Amino acid sequence: MARIEAVEAGLYRIPLEAALSDSTHGVMTAFELVTVRLRDADGAAGVGYTYTTGRNGRAIYATLTEEIGGIVPGMDADRIEAIWTKVWWALHYGGRGGAATFAQSALDIALHDLKAKRAHLPLWKLLGGNDPAVPCYAGGIDLDLDVAALLKQTDGNLQKGFRAIKMKVGRERMSEDVAKVAAMRQHLGDGFPLMVDANMKWTTDEAIRRARAFAPYDLVWLEEPTIPDDVAGHARIAREGGIPIATGENFRTLWEFKQMIAVGGVSFPEPDVTNCGGVTVFMKVAHLAEAHNLPVTSHGAHDVTVHLLAACPNRSYLEAHGFGLDRYIAAPLAIADGRATAGDAPGHGIEFDWKGLEQLRS
Ligand SMILES: [Mg+2]
């Protein structure tokens, strides 16, 4: 048995190379990174992480050190479902989402890394092994960019190898959004996969109004048109807006995905492995989507997530998210001809530059 010996957490503040902006979070200048390092009794190690848009990192770090660090030592690292259930119920009353679920997600990623390393398999093969080459899109966090800056950023993304792009919408006036989407469509040409993301900005009625205005531009999806809590609203937007809907980066449980899928409120479920409950929950969401004949996409943490989507026959696009972490990873995700490829090294293959991170400890 692979008995867990120790859980070590770290909290870091990662400055962004350029400020990011969207309709909900405003201007972002730094992300927080919270890491987990697990060691088992045989000396094998697993690494996991989660991140925030700048706040709550200390609560996540405290949950890992004060709570999870006292719960999981001594447990069998190969019994990931048992560990997940124990941690979930231990933290449930004050948790059930939020910082507790971010912490649990980081732990769960580390457990899967450890298990895959012990099995001498890359994570994508441990989880099912469909196809390592995953279509990938550039997730622009660019609401504040004017048309010229947006097109310049787009040319940079095309040069980097992207063959699908997402842009932010949610400007004050609908005409501003439409003008930017129209300019992007014209720039990219017919058939180039283009998505838009509203970051929960609108009411249901406003989302339907804007979705209809975007309809001529052949979008792959409209993401997070309204708050994640409005399940019935999503069903209306999907039905009346005329554009496929992606959502899920702000869902914190498997059951939130189930409710949204059950009412037809989402066309592209979009879990984030670092906040939905980890690899355990991400894979359940992916399989739930498959059973409903839906593709699955992703949010954030592209270096872990490429393995999860590589495991799934119903995988859609992987989101590549530029949030500054690449500078602290030994071999950051490479994109070629629109695809990212899950590696063949055991585990998820992410090696942090711990020395470099030490300067950013928070
Ligand atoms: Mg989004």
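At what angle do helix α1 (residues 57–71) and helix α2 (residues 80–91) pack, and how many Å apart are their axes? The legends below refer to a predicted model, and the first of them gives the answer.

**View A. Packing of helices α1 and α2 in the predicted model.** The two helices pack at an angle of about 125°, and their axes lie 10 Å apart. Because angles over 145 degrees count as roughly antiparallel and 65 to 115 as roughly perpendicular, with the rest left as oblique, α1 is oblique to α2. The crossing of α1 past α2 is right-handed.

**View B. Residues at the contact of α1 with α2.** From α1, Thr63, Glu67, Ile68 and Ile71 take part; they meet Lys86, Val87, Ala90 and Leu91 of α2. Sorted by class, this contact comprises 5 nonpolar, 1 polar and 2 charged residues.

**View C. The open sheet of 3 strands.** The strand order is β1-β2-β3, and the pairing is antiparallel. On average, neighbouring strands are turned by 20° against each other, direction ignored.

**View D. Pairing of β1 with β2.** Strand β2 (residues 26–40) pairs with β1 in the antiparallel sense, and 14 bridges join the two. Glu8 has Arg37 in β2 as its bridge partner.

**View E. Helix α3 on the sheet.** Helix α3 (residues 98–118) lies across β1, β2 and β3. Relative to β3, α3 runs at about 150°.

Note on methods
Residues numbered from 1 in each chain as written. Predicted model: local features only at pLDDT ≥ 70, side-chain atom pairs only at ≥ 80, totals over all residues. Heavy atoms only, no water. Pairing = 2+ DSSP bridges. Helix = DSSP H or I, 4+ residues; strand = E, 2+ residues; numbered from the N terminus. Axes fitted to C-alpha atoms, helices over the stretch in contact; angles between N-to-C directions. Contact = heavy atoms within 4.5 Å. Parallel < 35°, antiparallel > 145°, perpendicular 65-115°, else oblique. Left-handed = near helix turned anticlockwise from the far one by under 90°. Nonpolar A, V, L, I, M, F, W, Y, C, P; charged D, E, K, R; others polar.
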